[in-house]
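This report covers the surroundings of a ligand and the packing of a pair of helices. The sequence and structure come first.

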Amino acid sequence: MSYANERRIAELAIQRACLLTERVYNSQVKGTITKGDKSPVTIADFGAQALIISSIAHAFPEDSVVGEEDSSGLRADQSKRDLVWGLVKDTLDATKELTAELGKIKDDEEMLAVIDKGTHQGGSVGRIWALDPIDGTKGFLRGGQYAVCLGFMVDGKVQVGALVCPNLPVDPEKPEGEKGILLSAIRGEGATMRPLSAPSAQGTPISMSSITDFSKARFCEGVEAGHSSHSEQASIAKSLGITAPSIQMDSQAKYASISRGVGEIYLRLPTSMTYEEKIWDHAAGSLIVEEAGGVVTDIYGKELDFTQGRTLKTNKGIVAALKALHPTVLKAVQEELKVSKL
Ligand SMILES: Nc1ncnc2c1ncn2[C@@H]1O[C@H](COP(=O)(O)O)[C@@H](OP(=O)(O)O)[C@H]1O
Ligand SMILES: [Mg+2]
Ligand SMILES: [Mg+2]
Ligand SMILES: [Mg+2]
């Protein structure tokens, strides 16, 4: 069974949401709220979650959604709620040609209810979408990379992944040129990419780099030192003979980057053994990397298990690399971590 329709709706939905996130990215008003776990959420995260879940509910009313955000912060703050509704309404008004396929939201009450459709607990049964309305919120606030991410799972296996990276260059050779790319994949059918400016164009197939010589290889890692262990990643890179400096960027833009051949490896080594990676941080990006010729496991070499609920509770960390390099990278990771953690 092909999931071409799910991919089409995913692409349209994240691209529509991206109009909203870019407006906030380029404005002075980010409307940040600090959540219970001390992490930030902005009016753009809420607005994007509302638009994307309403698209899914319109196209596939029986499906469930595991979304990162819930409406509690907005219910407690009328002025932010008004800001988000203003953004959502403007975006819907500006994209009327998509209403037949993606539907709309009637008022701010409905918007809050739609955001809360993302509270599903996930699991191993049925059709479930994993949504990160803004991945890399800290990058978003800093003016760095961020991504709008949507994965679609059937019985706990990711079948479709779609990512918008509004601030990655269309041509990696021209970093100051046009920005904004959309990547997507269907399991077994490969991964594709297209510029955001060409919404109706067919995506071009992408594949990972073919560099197998570690002295020429590059690795990606996050910017936030609290999210992955920079010191251990540096030490692994050194032991592999990697000489290039790490490519640091926020969000699933790292998965996007290696899937189109900019970097061969993405390391995300845990900074704490109690943190559980969230399914929405990996569903879309990991499938796109696999379909572009890569392998994605945790630090134990285990496949990512999306059947466990809202988190990858049976996995630790992420090791993603070109298929030919992955066994050697994993061995280096395990040698490095064995001492302190395994
Ligand atoms: N201690 C931790 N270890 C690993 N990831 C963490 C973390 N704390 C937060 N994160 C996740 O890291 C994501 C960003 O990844 P990166 O650092 O690669 O940009 C965040 O997504 P959000 O920005 O969607 O909240 C958040 O879910
Ligand atoms: Mg977050
Ligand atoms: Mg995230
Ligand atoms: Mg997020």
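The shell around ligand 1 is made up of two nonpolar, ten polar and seven charged residues. Here Ala, Val, Leu, Ile, Met, Phe, Trp, Tyr, Cys and Pro count as nonpolar, Asp, Glu, Lys and Arg as charged, and the others, Gly among them, as polar. The model is predicted: local features need pLDDT of at least 70, side-chain atom pairs count only at pLDDT 80 or more, and totals for chains, interfaces and linings use all residues. Residues are numbered from 1 along each chain as its sequence is written, while chains are lettered from A and ligands numbered from 1 in the order in which they are written.

A residue is near a molecule if its C-beta atom, placed from the backbone, lies within 6 Å of it. Of the 19 residues around ligand 1, those that come nearest are G136, T137, G222, H227 and D250. Two or more residues of this shell come from each of β4 (127-135) and α7 (137-142), and β4 gives the most, with three residues. Helices (H or I, at least four residues) and strands (E, at least two) are DSSP runs, numbered from the N terminus.

Helices α2 and α4 pack against each other at an angle of about 50 degrees, with their axes 9 Å apart. Axes are lines fitted to C-alpha atoms, for helices over the stretch in contact, and angles run from 0 to 180 degrees between N-to-C directions. Residues are in contact if their C-beta atoms, placed from the backbone, lie within 7 Å.

| Helix | Residues | In contact |
|---|---|---|
| α2 | residues 43-59 | I43, F46, G47, A50, L51 |
| α4 | residues 78-94 | K80, L83, V84, L87, V88, T91 |

The residues of this contact of α2 with α4 divide into eight nonpolar, two polar and one charged.

Notes
Two residues are in contact if their C-beta atoms, placed from the backbone, lie within 7 Å.
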